[in-house]
There are 4 protein chains.
Amino acid sequence: MADTPYKSAVIVGVGAGLSASLARSFTKAGLKVALAARRAGDLAPLAKEVGGKAFACDATKPAEIARLLADAEAAFGAIDVVVYNASYRTRGPFVDLVPAEVEKSLIVSAFAGFLVAQEAVKRMLPRKHGAVFFTGASASVKGYAQSAPFAMGKFALRGLAQSMARELQPQGIHVAHIVIDGGIRSAARPDPADKPDSLLDPDAIAQSYLQLLQQQRSAWAWEIELRPWVERF
Amino acid sequence: MADTPYKSAVIVGVGAGLSASLARSFTKAGLKVALAARRAGDLAPLAKEVGGKAFACDATKPAEIARLLADAEAAFGAIDVVVYNASYRTRGPFVDLVPAEVEKSLIVSAFAGFLVAQEAVKRMLPRKHGAVFFTGASASVKGYAQSAPFAMGKFALRGLAQSMARELQPQGIHVAHIVIDGGIRSAARPDPADKPDSLLDPDAIAQSYLQLLQQQRSAWAWEIELRPWVERF
Amino acid sequence: MADTPYKSAVIVGVGAGLSASLARSFTKAGLKVALAARRAGDLAPLAKEVGGKAFACDATKPAEIARLLADAEAAFGAIDVVVYNASYRTRGPFVDLVPAEVEKSLIVSAFAGFLVAQEAVKRMLPRKHGAVFFTGASASVKGYAQSAPFAMGKFALRGLAQSMARELQPQGIHVAHIVIDGGIRSAARPDPADKPDSLLDPDAIAQSYLQLLQQQRSAWAWEIELRPWVERF
Amino acid sequence: MADTPYKSAVIVGVGAGLSASLARSFTKAGLKVALAARRAGDLAPLAKEVGGKAFACDATKPAEIARLLADAEAAFGAIDVVVYNASYRTRGPFVDLVPAEVEKSLIVSAFAGFLVAQEAVKRMLPRKHGAVFFTGASASVKGYAQSAPFAMGKFALRGLAQSMARELQPQGIHVAHIVIDGGIRSAARPDPADKPDSLLDPDAIAQSYLQLLQQQRSAWAWEIELRPWVERF
């Protein structure tokens, strides 16, 4: 019952259980799903569950991304959806931040997002069809104290997404940036008993990604902010 | 096939054909729909088509709004969705603007939105359930030259929506502000032949309103911007 | 020692002691200052202190504004600076807000700002010289719970200022919107003893207004946010 | 005639002539000025003119920054102002961007800004006194087509500045981000004859930096946008 024009997705990064929900949601909507992370083994059960494939890929390395996309297309045909869902953060008092960790925040959260997006767009552009989605966070639009590195990485990713939207949407590629403003629920981090739905259900998030894929090009959103009903903002 | 928790909607204002698309979309999703505008007669054919009802209502008058909501609830039971889709604009060189027209822009575009929202929330709050959506425009987030009155009205409406979201979402009422950034397609204003989908299809917009109604409370959006794929921003 | 190109200012509204600081600051910088509020008597001592004049003016009434500007120009010559510093707010649970008070918030905080600005610009535009400044608040950019009316008024005023900036700056009129994000210190509301400078000193705010007047047209700011060093944001 | 509480500044980067204007402006206000760039020789005449010092420093290398700050403090005493004014950009169609150049944009425009700021703050924090300013661009708040790398770098720098402001301002360090929205005038790039002041005069920009240094802590701005009167935005 695919009610989107899309066929095959690559999801990069594991992101607090969100990738699993995305994989299930996209699969239900009729898409083939390739999952990529540095350790493919972690993804194998999920890939099996959804009838997809798991790939090992260090997204900071252009050659590995190129191989990932090539392998995914070999398996599923043209990839027309790519979700970048990886990030890295370090935090603490500003003067105590370790420069190498700060650099890694920028590289994993933003530069690798560029690398993945560029490789994807190279394949989508000749077909004038595709969607590239980026997972943002509260830190994408607000730089918190003691968290400059994550703000740097996530602000940069948002700048990438906005620039891509301006350039590529008129060429048929839907670019979206989803701001997840709150904690994501997981087995390890359930809702507090007295605060139901105070953490974002990853399935609920995935539903919004799918809704964005269902949008028609005359009315695309390039950004949406999702937060729990009780979250302060 | 209602996949939302909502039963009955009131749509206020005619808004460039958008109300018609919302009425059809909500009806298909299983909601009962009441349509309201200053002249109910204009809405009669649409009301008949969707099996809803048309009501006359001047949304700048509290008593008329109270009666509208009472009549709609008498017809359909508890109203749990209200969309405010009315606005008024005047434009021209700043020094030539007519003060009474500027005031009317503020009153119709923003104050009447407050009146409708307040009456709706009075009914929703005891049930801790409902959705109040506001239709915004490019002018909601950008004040254009020679268009101060519309900017004033639409900025104010956005301030209303954001304040309501902070206060009422934790009480179970989903508040959303949809920024329509572009022209809306209509019979009178079709897409240019060489620029397909360069105007927003009102059905595509309505789909996004419905998607917002489908969101689960752990991952609500309070705002989304919709624009054609080729629109400059 | 006027280091600005401006000669005479009208300051409308009393605004938490800010008008007094503006009057003193502008006077020191060599400007003549007219002060306007609904009750001129309240302003008489300040007018005397700074060698300016106090005028009674209800800024929601176009005729009174026209007379204010005419009287001020009769007294001081061409008025080339106008500061709109008035607002009205009501607050409380959304369902308890009194519609007439909400309307008054919009009218005083935004519509009267338009009226004053329009009358000022009518006089400035033929000279292609002038400055119109608006005093904003935290609520100009963030709609707080239980404070929708102030958000509506202040968002609207910001929309007005932004639209005017786009239209009028290329015609020689500097339009600025100053966001005061925090409480303003006064005799009645001093800094807490253990939190020095945690409230905005009105003289410090006035200094920023004067600095904006000193900006050269090749590098104008249309907006600036001021907040105490320890304020959360 | 220093009317700021500051004594000694380090300016990093050459930035379209802006550093020269900053050096002159700060010197006139009574500050000692150290200039740093990869090639110190380029700065020697300017350093001589303002009675300051020029230092060679590759701001992407922590050790060089540490030495720069140590040398500057040896020459002038405690450094209490640091301006980060360096950036790197590459542009072109998204699919043609060279990854190494994109990475360099992020590293020079944002990561090096972090390195300089951290080294500065380590010295300022024990004194609970100082100012760290960052030079932004239109791209800091708007991601343009064919310019993703600069958007990534400048968005990231803004995230850094905002996070630092939230953390460090309550500790006495004024953090500001100045958005330069337009071209900067220079000998090589004069105003078009028919469009006076349509490029930002670097002296006018420098005046705003100095005004920010003059702000009192009860009313600090963390961000200001500067653009020519005739610039579209």
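Helices and strands here are DSSP runs, numbered from the N terminus. With that in hand, we can take a walk through this predicted model, beginning with a loop in chain D. D:Q146 sits in the loop that runs between strand 5 (130-137) and helix 5 of chain D. Its phi is positive, about 60°, although D:Q146 is not a glycine.

B:K128 belongs to the loop between helix 4 (99-124) and strand 5 (130-137) of chain B. B:K128 is not a glycine either, and its phi is positive, near 50°. Its relative accessibility is 53%, so B:K128 counts as exposed.

## A buried aspartate in chain B

Now have a look at B:D80, which is found in the loop between helix 3 (62-76) and strand 4 (81-84) of chain B. This aspartate is buried, yet it has no salt bridge. Which side chain of opposite charge is nearest to B:D80? That is B:R127, at 6.8 Å.

B:D80 does have a polar partner, though: its side chain and that of B:H129 make a polar contact of 2.9 Å. Setting aside neighbours within four places in sequence, the residues in contact with B:D80 are B:P5, B:Y6, B:K7 and B:S8, together with B:M124, B:H129, B:G130 and B:A131.

## Where chain D meets chain A

Finally, let us turn to the contact between two chains. Chain D and chain A each bring 41 residues to it. Together they bury about 3300 Å², and 72% of that area is on carbon and sulfur atoms. Between the two chains there are zero salt bridges, while 18 residue pairs are in polar contact, counting pairs with both residues at pLDDT 80 or more.

Which helices of chain D each supply at least two residues of the side that touches chain A? They are helix 4 (99-124) and helix 5 (148-168). Helix 5 of chain D gives the largest share of that side, with 14 residues. By residue type, the side of chain D that touches chain A divides into 26 nonpolar, eight polar and seven charged residues.

Note on methods: Residues are numbered from 1 along each chain as its sequence is written. Chains are lettered from A and ligands numbered from 1 in the order in which they are written. This is a predicted model: local features need pLDDT of at least 70, side-chain atom pairs count only at pLDDT 80 or more; totals for chains, interfaces and linings use all residues. Side-chain values use heavy atoms; hydrogens and water are left out. Contact means heavy atoms within 4.5 Å. Buried area is the accessible area (1.4 Å probe) that two parts lose on being put together, summed over both. A salt bridge is a side-chain nitrogen of Lys or Arg within 4 Å of a carboxyl oxygen of Asp or Glu. A polar contact is a pair of N or O atoms within 3.5 Å; within protein, one must be able to donate a hydrogen and the other to accept it, and residues adjacent in sequence count only if both atoms are side-chain atoms. Helices (H or I, at least four residues) and strands (E, at least two) are DSSP runs, numbered from the N terminus. Ala, Val, Leu, Ile, Met, Phe, Trp, Tyr, Cys and Pro count as nonpolar, Asp, Glu, Lys and Arg as charged, and the others, Gly among them, as polar. Buried means under 20% relative accessible area, exposed over 50%, partly exposed in between (1.4 Å probe, protein chains only). Lys and Arg count as positive and Asp and Glu as negative; His and the chain ends are not counted.
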